[in-house]
Amino acid sequence: KLELNLKKNQKIYTKNNMHILLTRPFDDCKNMIVKFKSLGHIVSHIPLLEIDKVKYKELDFSKYDGIIFTSSNGIKFLDCKKINKNIYCFCVGEVTENEVKKKGFQNIISANGNVNNLLEVILQNFKSTQGKLLYISGETISFELDEYLRKKNYNIDRLINYKTKHIEIFDNSLIDELKKQIPDIVYIYSENSARSFLNLINNYDLKNIWMNTCLMCIGEKSSSVLNEIKWKKIFLFNSGEEEFLLYKI
């Protein structure tokens, strides 16, 4: 009876296995790849963006009382040697928070994965009279967080220390594998990534293959870029909810 139950459970488990396509740079999703594979899912990885460091002028970090990170790339490309590790450190989500912890920061306050929640966290935990903020970001942003906070009477500077570039040429073997086994789920993490994915779809004649695929996007701006494609369903999610979404399909 035990063997029969195990076989029965195994069949159910196999039936629920899904093909998942992750699109972030490898360093940002390697833990998720391992996690999903450990759950028995098939995972494909096609990064859509390249992240490059931008040179910036050396700052006097002692004049800042808080730092804001809306991406893990901001902390990866920041020289933290001269920064007080007890400074207020606001992070958009768990992935960014983990990178900040690696750099030794102690006073970390994290949101649950989107900029709107991050703003609420900042407004609740740091008054405009408490001091000056430093916003670390890439060249391209979907929301002008610093401008919003200035309108709320915050004293804030923005430091650009990285940029993103669309990957335009992909390994043909990856595309061939994608056509042979269409993913059940695709995760898209930014408006930039969505535009890059749309270019991939159009350039490699992949427009009409997604009718049984669920599209997972962070934010409505990302999903709106891909609205012209016919999807099974479109979900909006926050970073850190990826595994939870598997059970909603």
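Colleague: Which strands form the open sheet, and in what order?

Modeller: In this predicted model, the order is S2-S1-S9-S10-S11, with parallel pairing. Strands here are DSSP runs of E with at least two residues, and helices are runs of H or I with at least four, numbered from the N terminus.

Colleague: What makes S2 (42–45) and S11 (233–236) edge strands?

Modeller: Each of them pairs on one side only. Two strands pair if DSSP finds at least two bridges between them.

Colleague: How do you know that S10 (residues 214–217) pairs with S11?

Modeller: There are 4 bridges between them, and the definition asks for at least two, so S10 and S11 count as paired.

Colleague: Which strands does helix H2 (residues 26–38) lie across?

Modeller: Helix H2 lies across S1 (19–22), S2 and S9 (185–188), at about 165° to S2. Axes are lines fitted to C-alpha atoms, for helices over the stretch in contact (heavy atoms within 4.5 Å). Angles run from 0 to 180 degrees between N-to-C directions.

Colleague: What share of the 249 residues counts as buried?

Modeller: The share is 44%. Buried means under 20% relative accessible area, exposed over 50%, and partly exposed in between, with a 1.4 Å probe and protein chains only.

Colleague: What rules apply to numbering and confidence?

Modeller: Residues are numbered from 1 along each chain as its sequence is written, and side-chain values use heavy atoms, leaving out hydrogens and water. Local features need pLDDT of at least 70 and side-chain atom pairs 80 or more, while totals for chains, interfaces and linings use all residues.
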